[in-house]
Structure formats: C-alpha cells, structure tokens
Amino acid sequence: MAKGFQLPNSTFLFDNSLKQPNIMANKNNPELGDWAVGVKWLKALDRELALTKPGIFANPNVVCKLRHQPTIDFLAFHYPLKKG
C-alpha cells in the first residue's frame with residue numbers, strides 16, 4: 001500500500017510533499033486505499049522520440065503488465081536494451 005511505500009532515498013512516500021490531495025484518505029483500507037509501484041527506469045527518451053503505430057497496445061491505467069507480443073516486439077526492435 002502507498003502508506004508503506006519507501007522511496008530510493010529511504011523516505012516514505014507520505015513523508016514527502018505530494019500533488020495528489022487525497023492519496024492518504026483511505027491509507028488504512030486495502031480495498032479503497034492507494035497503492036504505489038516502484039519503477040526502475042533503465043532508459044529515458046525525449047517525448048519527441050516516442051513511436052507508435054496502428055494496433056499497438058495502450059492502457060490508461062498507471063501500471064499494467066505488457067503481454068501483447070506485437071507491442072513487445074515493436075518496442076524491443078526500436079528501443080533495444082542490454083540486460084544485466
């Protein structure tokens with residue numbers, strides 16, 4: 001849950017100044033409370049370098065697991081990353 005989410009600088013999310021005013025409203029309720037997901041960015045590109053094509057997977061949710069193989073293949077071809 002967001003109330004226990006720790007940032008890389010070892011502070012808790014709720015101990016920082018947040019723009020979302022109601023994120024703590026249901027902090028003790030797992031059904032209604034907000035959840036946080038950490039992301040380890042391996043590479044970032046300018047918005048102008050973004051690519052798309054018809055049929056590519058898109059999801060309005062903040063977090064989702066990408067399983068659409070044509071989209072994975074498209075991204076892997078255009079944005080190759082070295083593992084390790």
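Ala, Val, Leu, Ile, Met, Phe, Trp, Tyr, Cys and Pro count here as nonpolar, Asp, Glu, Lys and Arg as charged, and the others, Gly among them, as polar. The views show a predicted model, in which local features need pLDDT of at least 70 and side-chain atom pairs pLDDT 80 or more, while totals for chains, interfaces and linings use all residues. Residues are numbered from 1 along each chain as its sequence is written, and side-chain values use heavy atoms, without hydrogens or water.

**View A. The largest pocket and its lining.** Here you are looking into a pocket of about 1,200 Å³ (an open set of 1 Å grid points where a 1.4 Å probe fits, with protein on both sides within 12 Å along at least five of seven lines; lining residues have an atom within 4 Å of a point). The volume is the space filled by probe spheres on the points, joined across faces, edges and corners. Its lining has 27 residues, and Trp41, Leu66, Thr71, Leu75 and Tyr79 lie nearest the centre. By type, the lining divides into 21 nonpolar, three polar and three charged residues.

**View B. A nonpolar patch on the surface.** Patch members have over 30% relative accessible area and no salt bridge, and nonpolar side chains are joined within 5 Å; a salt bridge is a Lys or Arg side-chain nitrogen within 4 Å of an Asp or Glu carboxyl oxygen.

View C. Val39 sits in the segment before α1 (69–78), where helices are DSSP runs (H or I) of at least four residues, numbered from the N terminus. Val39 counts as exposed because its relative accessibility is 53% (exposed is over 50%, buried under 20%, partly exposed in between). Val63 is 24 residues away from Val39 along the chain, and their C-alpha atoms are 9.8 Å apart.

**View D. Leu7 and Gly38.** Leu7 lies in the segment before α1 and is partly exposed, at 23% relative accessibility. Although 31 residues separate Leu7 from Gly38 in sequence, the C-alpha to C-alpha distance is 8.1 Å.

**View E. Gly55 and Pro70.** Gly55 also belongs to the segment before α1 and is exposed, with a relative accessible area of 66%. Between the C-alpha atoms of Gly55 and Pro70, 15 residues apart along the chain, the separation is 8.6 Å.

**View F. Ser10 and its positive phi.** The phi of Ser10 is near 70 degrees. Most residues other than glycine have a negative phi. Ser10 is found in the segment before α1 and is exposed, at 51% relative accessibility.

How values were computed
Patches are made of residues with over 30% relative accessible area and no salt bridge: like charges are joined within 9 Å, nonpolar side chains (Val, Leu, Ile, Met, Phe, Trp, Tyr) within 5 Å. Accessible areas come from the Shrake-Rupley method with a 1.4 Å probe; for residues, only the protein chains shown count as cover. Helices (H or I, at least four residues) and strands (E, at least two) are DSSP runs, numbered from the N terminus. Buried means under 20% relative accessible area, exposed over 50%, partly exposed in between (1.4 Å probe, protein chains only).
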